[in-house]
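Student: I'd like to learn how to read a structure with two chains. Can you take me through one, a feature at a time?

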2 protein chains.
Amino acid sequence: MALALAEAARGLGRTAPNPPVGCVLVRGGEVVGRGFHPRAGDPHAEVFALREAGERARGATAYVTLEPCSHFGRTPPCADALVAAGVGRVVVAALDPNPQVAGRGLARLRGAGIPVTVGVGGAEALRQQAGFRSLVTRGRPWVVYKYAVTLDGKVAAAGEGRGAVTSGPAWARVMRWRDEADAIAVGIGTVLADDPRLTTRGVEGGRDPRPVIFDPRARTPLTAQALRPGTLLVTAPDADTRPLEKRGAEVLRVTDLRDALHELGRRNVATLLLEGGPTLASALFAADLIDEVRALVAPKLLGAGLSPLSGPVRGMAEAALLHDPCAELLGPDVLVTGLLHDIPRLGAEGANGCLPES
Amino acid sequence: MALALAEAARGLGRTAPNPPVGCVLVRGGEVVGRGFHPRAGDPHAEVFALREAGERARGATAYVTLEPCSHFGRTPPCADALVAAGVGRVVVAALDPNPQVAGRGLARLRGAGIPVTVGVGGAEALRQQAGFRSLVTRGRPWVVYKYAVTLDGKVAAAGEGRGAVTSGPAWARVMRWRDEADAIAVGIGTVLADDPRLTTRGVEGGRDPRPVIFDPRARTPLTAQALRPGTLLVTAPDADTRPLEKRGAEVLRVTDLRDALHELGRRNVATLLLEGGPTLASALFAADLIDEVRALVAPKLLGAGLSPLSGPVRGMAEAALLHDPCAELLGPDVLVTGLLHDIPRLGAEGANGCLPES
């Protein structure tokens with residue numbers, strides 16, 4: 001399954017509204033086929049793996065990171081393809097929360113007499129599929145708040161642009177996250193203070209996420225580096241956006257942040273990487289719209305400065321706990337991650353993506 | 001040397017103005033004696049180890065965490081005792097920065113024909129001896145700023161007392177630090193908001209550090225839990241402290257923070273654990289008087305709240321870098337530590353407490 005998850009990872013950021021999926025076929029201890037879903041409209045992971053395996057698929061074990069589909073979408077059902085190829089066993093990391101699938105893929109396999117195991121590598125599969133799962137069950141993206149912060153909790157000095165907080169390895173990790181995200185969001189304050197490019201640099205085969213600027217009054221300068229064809233501009237309903245639209249911006253007129261996320265969902269933004277600043281992040285946090293946190297903590301002290309969050313006001317006992325916290329060293333910095341919401345899964349599914357009855 | 005360092009650790013917080021020192025004697029692969037310096041006035045570590053070893057000290061290797069002393073203080077020189085006992089070799093973790101020793105202990109041993117190795121376990125020895133080294137070379141304590149902070153950099157909610165930020169394992173670690181510190185400092189704001197006890201709980205054989213309240217205008221309530229016989233009260237020269245003195249407080253009248261630390265040094269405070277709040281910590285940080293940071297980072301988000309530091313104002317490029325940063329998981333929390341100043345050592349001594357020429 002680790003190989004299948006690695007295959008799936010190759011599609012991260014490229015498959016929306018479809019999930020990133022990987023598939024590996026093993027026969028007699030040998031990998032005979034592998035595949036991943038490269039982007040919506042292309043064949044699914046199973047199809048690539050079955051093509052590579054050819055006749056060797058017969059009797060093989062198929063490791064798939066997501067329940068094979070059972071419905072005719074742009075491609076025929078993968079469950080049927082696995083049955084037709086004569087695979088001997090199917091191991092699935094996580095169930096498909098898509099109401100069109102949701103266990104029917106497994107039922108189809110089992111109905112054809114193929115033994116199915118569910119939940120192997122489920123936790124990592126859920127992580128990979130968080131964006132897809134959010135989109136298909138909630139109609140809005142999985143929102144990841146990424147910030148780099150000093151050990152005394154400052155993301156920037158007061159009144160200056162964003163100086164580098166963390167070091168090289170942290171930067172490289174952020175670039176990977178950008179490559180894997182469908183879109184990257186900043187507030188107008190960050191655009192005016194830092195004029196960020198919001199591009200992916202230093203990742204082999206990397207591509208840029210779609211910039212999203214939360215800019216209620218359409219104050220984005222026409223020269224902003226993040227403004228390019230396809231940039232999404234989230235504004236108030238009455239903002240004058242004509243000059244920005246001429247530069248290629250697509251305007252989302254909304255009345256609140258939840259609407260904004262649903263509009264992004266309609267545009268196939270499954271994973272939204274939120275890179276600041278504190279004003280936008282605090283508003284999303286106060287509205288309980290942040291799903292995951294990735295904090296890069298640098299071993300330095302600033303003193304006065306801006307906090308990654310400046311609201312809402314509440315007591316320490318009411319602080320929002322991160323589920324599944326993890327810490328990892330990145331050069332001199334410490335990456336701390338955690339979830340504010342559970343990754344959407346089927347009601348019957350356990351924490352590891354496993355159906356209790358299976 | 002690991003055993004000798006463990007011996008030395010038993011004296012942490014109890015030996016000032018002397019250093020915590022451990023000594024282990026090994027002969028033929030067997031530990032024949034061990035000892036540590038329990039407190040000023042008691043015999044040194046070497047004496048206890050030699051007593052236990054008796055005749056078996058002859059030809060043994062002595063592992064000592066600090067250069068054996070060469071001068072007559074309250075006890076005779078340990079270097080002479082080691083020579084007299086006929087030890088065959090001496091391994092020393094770190095040199096003694098005390099100008100009365102500073103290499104003379106080693107010279108004495110070598111002069112008697114005993115081979116000496118320096119620097120084994122030097123880094124850990126320096127850590128253990130930071131307070132002593134600060135006191136003997138700078139005349140003021142080693143100041144450790146400890147704080148517990150949410151992942152968004154808040155030590156407390158605005159306008160409320162200090163709710164618990166971190167969890168059990170972090171609390172236990174803080175109690176150990178209190179047990180190992182000579183004194184524990186808080187600002188008057190913390191006393192008024194939280195009324196902390198500043199005692200050591202849950203540590204077997206633990207003792208309480210001496211409370212130090214930075215309280216320029218002597219506003220500490222007579223009912224404050226931290227106010228007890230021996231509590232040190234740092235005030236402005238003109239504060240009316242009579243009621244507090246009646247309760248047993250010892251008053252240090254100073255004009256600035258550096259003076260305050262020197263006054264603490266005169267009272268044999270070698271290690272000062274600074275537990276907040278942000279006002280006092282920011283003032284000490286702005287004056288460059290914090291030597292070490294121990295930040296307990298909890299995987300939770302608060303929103304609005306108090307920062308561990310609120311000054312001074314400067315750019316991110318001028319942030320104070322922590323040397324030798326370390327990260328460690330403590331239950332769900334992450335402990336990040338680092339140094340703002342080098343631990344005082346002899347000019348010729350390397351980073352590991354080793355003289356290059358030895």
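Predicted model: local features only at pLDDT ≥ 70, side-chain atom pairs only at ≥ 80, totals over all residues.

Student: Okay, what rotation superposes chain B on chain A?

Tutor: The general idea is that two copies of a chain are related by a rotation about an axis and a shift along it. Here the rotation is 180°, with 0.1 Å of shift along the axis, and the RMSD is 0.0 Å. That is how a two-fold axis relates its copies. On the chain B side, B:Gly153 has the C-alpha nearest the axis, at 1.9 Å.

Student: Which strand of chain A pairs with β14(B), and in what sense?

Tutor: Look for β13 (residues 300-301) of chain A: the pairing is antiparallel, over two bridges. Within β14(B), B:Leu321 stands opposite A:Lys300.

Student: Now a helix. Which residues of α11(B) are buried?

Tutor: First the general rule: an α-helix has 3.6 residues a turn, so residues three or four places apart point the same way. In α11(B), the buried residues are B:Pro278, B:Leu280, B:Ala281, B:Ser282, B:Leu284 and B:Phe285. Their cover includes β13 of chain A, as well as β6, β7 (183-187) and α10 (257-266) of chain B. Just after the helix, B:Asp288 has a positive phi of about 60°.

Student: And which residues have the most contacts inside the largest nonpolar core?

Tutor: That core has 234 residues, and those with the most contacts include A:Val64, A:Leu272, B:Val64 and B:Leu272. Take B:Val64: beyond its neighbours within four places in sequence, its contacts include B:Ala4, B:Val21, B:Cys23 and B:Val90.

Student: Last one: why is A:Glu250 called partly exposed?

Tutor: You count the other C-beta atoms within 10 Å: 20 or more means buried, 12 or fewer means exposed. A:Glu250 has 16, so it is partly exposed. This residue is in strand β10 (residues 250-253) of chain A. Leaving out neighbours within four places in sequence, A:Glu250 touches A:Gly230, A:Leu232 and A:Leu233.

Terms used:
Residues numbered from 1 in each chain as written. Chains lettered and ligands numbered in written order. Core = buried A, V, L, I, M, F, W, Y, C linked by C-beta atoms within 7 Å. Contact = placed C-beta atoms within 7 Å. Least-squares fit on C-alpha atoms with pLDDT ≥ 70 in both. Pairing = 2+ DSSP bridges. Helix = DSSP H or I, 4+ residues; strand = E, 2+ residues; numbered from the N terminus.
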